[in-house]
Amino acid sequence: MDKDVFSLCFMCSVRCPIKVSVKDGHVDWIQGNPHVAGIDGRLCPRGSAGKSLLYDDQRLQSPLIRVGDRGSGNWRKASWDEALDYVGSRLKEIKEDHGGHAIALGERTQLATHVSKTFLKALGSPNHFTHDALCKGSMNTACRSMFGYTDGQMGINYANTKHIVLYGRNIFESINVKEVNTLMDALEKGAKLTYIDPRVNVTASKAHRYWMIRPGTDLALNYGLIHVILKERLYDAWYVDKWVHGLTALQDFIKEYTPEWAESQTGIPAGEIRTLAREISREKPAVIFHYGYRCASHQNEIYMRRSILMLNALMGSVEAKGGIFFKKGPGAEGGKPARKLVEQTFPKIEVPRFDKAGTPDFPLPDPAHGVAQILPHAILNEDPYPIKALINFRLDPLMSIADTNNTKKALDKLDLIVTIDINYSDIAWYSDVILPESTYLERTDCIQQMNGLKPMMFLREKAVEPRYDTLEGAVILKRIADRIGTGDYFPYETMDELVDWQLEGTGFTREDFAKKGFVSYGKSPIFWDRNDIPFKTPSGKIEFKSSLLEDAGFPSFPPYESPAAPLDKQFRLVVGRTGLHTHVSTQNVPYLNELMKENRLWINSTKAADLGISDGAVVEVTSACGKGRIKAFVTDLIHPEAVFMVHGFGHEAKLAKRSYNRGLSDALLQKNVYDKVGGSPAYHDTFVTVTPV
Amino acid sequence: MSQYYLFQDSKKCIGCHACEIQCKTNKDLPEGPKPCQIIQVGPKFINNLPKMSFIFMPCFHCENPWCVSACPTGAMQQRASDGIVFVQKDLCVGCKTCVSACPWGAPQWNPDTGKVEKCDYCKDRVDQGLEPACVTTCTTGCLKFGKVEEMTQIRRQRHAESVASFENSSF
């Protein structure tokens with residue numbers, strides 16, 4: 001039978017609304033949901049490869065139990081009952097012998113995250129962690145320190161902006177369809193785009209101003225901008241007077257950080273810094289200093305992100321049309337959100353998290369997400385206690401946490417490694433049991449609560465039956481819980497039952513989603529009255545002088561420390577994304593692999609000539625943690641202090657044949673260093689040497 | 001000449017290759033053939049700004065197609081009704097004469113079937129009143145399909161808005 005199904009893409013984590021046309025039980029056609037403004041039928045390259053993923057026979061096809069050494073790739077097929085019995089009995093033993101906290105679960109945050117959290121809470125373990133810290137933990141902390149809200153509670157009003165400044169935020173290559181289109185529309189209407197990055201990319205090529213900044217010095221640039229804005233009184237005086245706490249402290253702090261000083265750090269001429277400050281202030285408050293998405297580059301990351309948020313506050317662009325805003329939930333329209341399993345009552349947990357987030361040892365990172373990169377340290381040192389089992393739900397610690405060799409050592413100490421995934425990821429390959437999940441086209445998922453200027457709910461709806469012996473993640477976890485004796489926390493057998501349970505009390509039913517793929521709580525965008533913005537900080541204001549930081553013993557305005565310059569023959573390793581792949585998860589998808597099979601090392605032409613490296617030549621890249629080989633891309637379009645590679649290549653799982661051993665993994669080279677205040681890794685604080693092979 | 005025109009609004013193109021993937025998905029093609037392709041030229045610094053060009057290369061559906069004249073079996077054809085140039089697969093013997101004949105590299109080789117693939121503006125979709133696959137889902141909507149005269153209007157409109165002066169109304 002032919003049908004159209006409204007659903008949500010999952011080729012990346014954005015979850016764009018899609019329409020799937022099904023013919024005779026097969027996916028015939030996928031396009032963006034035509035009913036969603038800003039999507040209008042459109043789909044990015046990864047989304048367009050959805051069928052390529054679905055019909056790929058190199059993905060996981062049944063539960064697997066390891067029979068050889070870890071990582072050897074010797075598996076035997078198992079039935080679901082056998083695999084789940086095995087995992088359930090091992091987890092039960094570990095819980096009884098070592099306590100529930102000896103079990104950790106890491107995942108890339110997704111629609112069923114409330115199920116995974118419930119799974120661990122029911123076991124008495126605090127050790128649920130997400131990829132969030134690896135992506136933007138310090139930005140989350142920065143936002144809470146300034147506004148009392150997390151970054152996830154904030155949005156950007158591209159549509160009405162007049163000038164947007166992006167710091168390495170490569171919007172036109174990371175591709176969130178709606179974001180790309182609303183920004184493109186704003187540019188068409190005359191908005192200005194300033195792009196700052198040590199490397200030229202597609203977004204830079206669409207900019208009105210591009211600065212090839214010295215890597216690691218964005219904070220110095222911002223201090224220079226703030227200096228000009230305060231000195232020349234370019235800020236929104238009414239807004240700042242009403243809402244900013246700590247302006248005087250900032251004024252005292254910023255005095256020495258002149259544009260000339262900023263030029264000495266960044267390489268950007270002082271005159272140009274002054275020009276940007278003056279130009280952008282003329283358009284306030286409809287301006288955006290984009291606070292970033294992946295914000296995990298340096299050990300002082302939180303202060304860099306705070307400086308961006310301060311620039312927005314000075315322009316009065318926080319909760320402004322064309323600026324940044326706080327997302328509104330169903331409550332703003334008198335509605336109720338979908339229920340989540342975590343709303344239940346659980347046994348009290350007395351032990352700290354493995355990463356100590358939220359304790360005096362590591363007070364500021366968000367315990368709702370944890371700090372993933374601490375995991376290897378916690379396991380290796382049994383600090384604060386032994387971890388015995390790790391469940392990986394679409395999060396690959398081997399390729400996502402810096403220093404893969406060290407992470408492997410930690411994994412080797414574990415009694416049990418279980419992975420829930422759709423592909424032979426590297427962590428699946430290194431596991432004891434693999435539990436294959438159905439792809440996004442083959443499963444119904446939990447409700448997506450979409451807060452924003454207009455609160456909505458979306459639903460991922462199963463389009464076709466699973467091609468292989470796979471299950472939904474939320475059902476897998478429920479069935480393991482049944483075997484441990486915690487199944488009562490999961491009041492469903494199927495996804496349909498879970499979704500119905502979630503919708504109880506919301507006033508919406510499953511049928512309401514069938515018409516357009518979503519439901520809306522209200523009709524018009526909601527901006528709060530600028531006279532009455534409910535900041536959730538102790539002062540009720542935007543805290544330049546932050547009680548969150550200072551109460552935890554950290555300064556609001558630490559003196560600037562210049563980042564170390566690479567020594568002779570060294571480079572700062574900088575990483576990023578491409579529109580053709582999602583993190584570490586799509587490199588083996590046939591159509592995406594065809595267009596990009598491996599990453600390359602971008603290296604400045606002058607430096608390459610000195611080292612005798614020609615374009616396309618294989619080079620060896622070495623850091624304190626590891627080394628590997630990759631082809632060089634020799635170019636003038638990268639700062640001489642940096643080398644760059646796209647994240648996510650250099651896979652070790654042999655049965656993912658197209659991506660196996662192609663390109664080089666950044667995590668193999670990166671040191672596991674991090675921002676000890678904000679919580680995110682410092683992925684750009686590793687130096688490497690590059691030698692011709 | 002085909003009565004249709006596939007216009008690429010290069011100002012909005014981000015070179016994401018979604019068009020290529022959607023095309024291959026719709027035609028269910030293996031690795032290799034690309035009936036349409038984005039070729040990136042640059043980046044280069046122009047007046048201190050980095051610029052890239054993304055050249056979109058489908059078939060141009062010529063008025064007197066070299067490929068149709070060259071094809072010895074009559075597989076390569078031009079539709080009389082609207083000028084769309086397409087391959088009738090059961091007649092193609094894989095001789096590659098069309099590949100040699102086309103000055104723009106439009107005919108593509110399918111290694112699985114040993115036959116030629118090419119852009120046919122998704123005539124099956126067009127016949128149903130739909131747009132070609134690449135146009136329908138283009139990430140930024142920079143690809144547009146229609147009559148030639150309608151397509152050029154985007155650039156005229158944009159140029160008009162960029163030069164309009166409300167103070168000197170005689171201009």
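Okay, let's start with A:R443: at 2% relative accessibility, this arginine counts as buried, where buried means under 20% relative accessible area, exposed means over 50% and partly exposed is in between, with a 1.4 Å probe and protein chains only. A:D445 is buried too, at 3%. The side chains of those two residues, A:R443 and A:D445, meet in a salt bridge, 2.9 Å from N to O. By salt bridge I mean a side-chain nitrogen of Lys or Arg within 4 Å of a carboxyl oxygen of Asp or Glu.

Before I go on, some housekeeping. This is a predicted model, so local features need pLDDT of at least 70 and side-chain atom pairs count only at pLDDT 80 or more, while totals for chains, interfaces and linings use all residues. Residues are numbered from 1 along each chain as its sequence is written, chains are lettered from A and ligands numbered from 1 in the order in which they are written, and side-chain values use heavy atoms, with hydrogens and water left out.

Back to our pair. Salt bridges with shared partners put A:R443 and A:D445 into one network with A:E437 and A:R460.

How many salt bridges does the structure hold over all chains? The count is 48. One of them joins A:R59 and A:E442, with the closest N and O atoms 3.1 Å apart. A:R59 sits in the loop between α2 (50-54) and β4 (64-66) of chain A, and A:E442 in the loop between β17 (433-436) and β18 (448-450), so this pair links parts of the chain 383 residues apart. Helices (H or I, at least four residues) and strands (E, at least two) are DSSP runs here, numbered from the N terminus. Both A:R59 and A:E442 are buried.

Now look at A:E504 and A:R339, whose side chains meet in a salt bridge at 2.7 Å, N to O. A:E504 is in the loop between α20 (495-503) and α21 (510-514) of chain A and A:R339 in the loop between β14 (324-326) and α15 (375-381), so the pair ties together parts that are 165 residues apart in sequence.

Last, a quick look at chain B. There are seven helices and eight strands in chain B, and the C-alpha trace spans about 65 × 35 × 25 Å along its principal axes. Of the 171 residues in chain B, 49% count as buried.
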